[in-house]
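Trainee: Could we go through this one together? I'd like to start with the strands and then jump around.

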Amino acid sequence: MLSKPRQFKSGVTYGGEPLRRGQIHFILTNPIYAGMVRHRDNVYPGQHDAIIDPDLFDRVQDKLTINGRKPRGTVSASGRSRSPLSGRVFDAHGNRLTPTHTRGKSGKAHRYYVSTSRGASTNGSAWRLPAPALEETIGQAVRSHLTTAGNRRTLLKDAASASADLAAELGGSASSTSAAEFCLLVDRVAIASGQLDIRLDKAALAARFNLPLDQIDDNALVMTTPFATRRRGVETRIVAGDMKPAPDPTLVSTLAKSHRWIEQMKAGVSAATIARSEKTSDAFIRVRANLAFLSPRIQEAILTGTQPPDLSLERIVRSGIPFDWDQQERKFGFR
């Protein structure tokens with residue numbers, strides 16, 4: 001294949017030669033052929049049709065990354081995929097979610113899975129899910145499902161061959177396997193209304209846990225887990241499966257400080273003095289000190305991690321805290 005020949009006014013001719021390695025790499029990594037456009041570090045759905053299947057494009061990127069001298073794209077320096085669900089997540093209409101990332105002011109990369117369908121973007125049904133949270137959610141769901149299937153001896157067709165030893169071995173392997181590794185066992189994830197429909201890859205499952213391929217029960221390859229999202233300021237939080245109490249470190253820390261600040265104020269220390277010791281402003285101290293006046297029920301929930309998923313320090317600070325405890329509980333989703 002030859003590059004496009006160009007002739008300048010000066011008479012100099014450029015191009016018309018076999019493509020060099022860098023030119024080929026540019027073509028293979030250009031998302032425009034997969035129906036997307038790149039702007040700086042981000043990739044967005046384009047307004048044109050793809051001429052290359054997006055799944056094929058992602059597989060090519062993985063190959064290039066693995067074979068490259070320097071890890072880039074979706075593979076980390078250890079050679080492990082940074083986006084293990086690439087090409088495996090779809091919305092309810094069958095549109096694929098593709099991995100992308102942005103960089104904050106500090107230069108830290110934030111990964112997401114986003115809708116690539118032009119229709120989803122225009123009708124407001126597009127997904128933009130934080131990648132680590134989605135991968136952890138799906139990985140935990142697969143781990144729980146396989147552990148349960150092993151204990152109930154429903155993973156293999158022949159229940160007699162699914163011995164207690166196999167269940168124990170599977171349970172031990174599951175506990176030592178990371179969520180990202182479990183994601184690599186997934187064949188497809190469909191985000192339906194209020195749930196995730198997950199189908200496992202039989203061959204990958206057999207290879208990972210040394211199981212007889214022809215004995216794996218197809219019914220054990222499918223599972224469903226509840227799924228919802230909640231907004232926490234600018235952050236999207238994923239709520240899925242059986243949620244365990246998870247204290248918010250920022251809320252817990254600020255609540256503890258608020259009680260300390262109020263005690264200091266009662267002892268006659270001014271907010272300005274407290275602010276100087278904390279190296280912040282008077283307003284910062286006064287607003288956050290009000291957390292000490294939250295109802296006992298709300299404070300207990302914050303400490304135990306049982307508060308509503310969308311309750312964050314930012315929400316409390318921005319919306320203000322009513323004096324009445326009943327109003328507080330209604331406002332912050334406790335009633």
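Trainee: Which residue stands opposite Val-114?
Mentor: Val-114 stands opposite Arg-128, which is in β8. Before we go on, this is a predicted model, where local features need pLDDT of at least 70 and side-chain atom pairs count only at pLDDT 80 or more, while totals for chains, interfaces and linings use all residues. Residues are numbered from 1 along each chain as its sequence is written, and side-chain values use heavy atoms, with hydrogens and water left out.

Trainee: Thanks. How do β7 and β8 pair?
Mentor: Strand β7, residues 109–115, pairs with β8 in the antiparallel sense over 3 bridges. Two strands pair if DSSP finds at least two bridges between them. The strand and helix names follow DSSP runs numbered from the N terminus: H or I with at least four residues for helices, E with at least two for strands.

Trainee: And what sheet does that belong to?
Mentor: An open sheet of 3 strands in the order β6-β7-β8, with antiparallel pairing. Its edge strands are β6 (97–103) and β8 (128–130), each of which pairs on one side only. On average, neighbouring strands in this sheet are turned by 35° against each other, direction ignored. Angles here are taken between axes, which are lines fitted to C-alpha atoms (for helices, over the stretch in contact), and run from 0 to 180 degrees between N-to-C directions.

Trainee: Which helix lies across β7 and β8?
Mentor: Helix α4, residues 131–152, and it runs at about 70° to β7.

Trainee: How far does α4 reach from its first C-alpha to its last?
Mentor: It spans 31 Å over its 22 residues, close to the 32 Å expected at 1.5 Å a residue. That expected span is 1.5 Å times one less than the number of residues.

Trainee: Back to the sheet. Is Leu-129 buried or exposed?
Mentor: Leu-129, in strand β8, counts as buried because its relative accessibility is 1%. Buried means under 20% relative accessible area, exposed over 50% and partly exposed in between, using a 1.4 Å probe and protein chains only.

Trainee: What is Leu-129 in contact with?
Mentor: Leaving aside neighbours within four places in sequence, its contacts include Leu-97, Tyr-113, Leu-134, Ile-191 and Phe-227. Contact means heavy atoms within 4.5 Å.

Trainee: What about Lys-279?
Mentor: Lys-279 has a positive phi near 60°, again in a residue other than glycine. It is found in the loop between α9 and α10 and counts as exposed at 80% relative accessibility.

Trainee: How do the axes of α9 and α10 cross?
Mentor: The axes of α9 (residues 271–278) and α10 (residues 282–289) come within 8 Å and cross at roughly 105°. The two helices are therefore roughly perpendicular to each other. For that wording, 65 to 115 degrees is roughly perpendicular, under 35 roughly parallel, over 145 roughly antiparallel and the rest oblique.

Trainee: Which residues meet there?
Mentor: From α9, Ala-271, Ala-272, Ile-274, Ala-275 and Glu-278 meet Asp-282, Ile-285 and Arg-286 of α10. By class, that contact has 5 nonpolar, no polar and 3 charged residues. Ala, Val, Leu, Ile, Met, Phe, Trp, Tyr, Cys and Pro count as nonpolar, Asp, Glu, Lys and Arg as charged, and the others, Gly among them, as polar.
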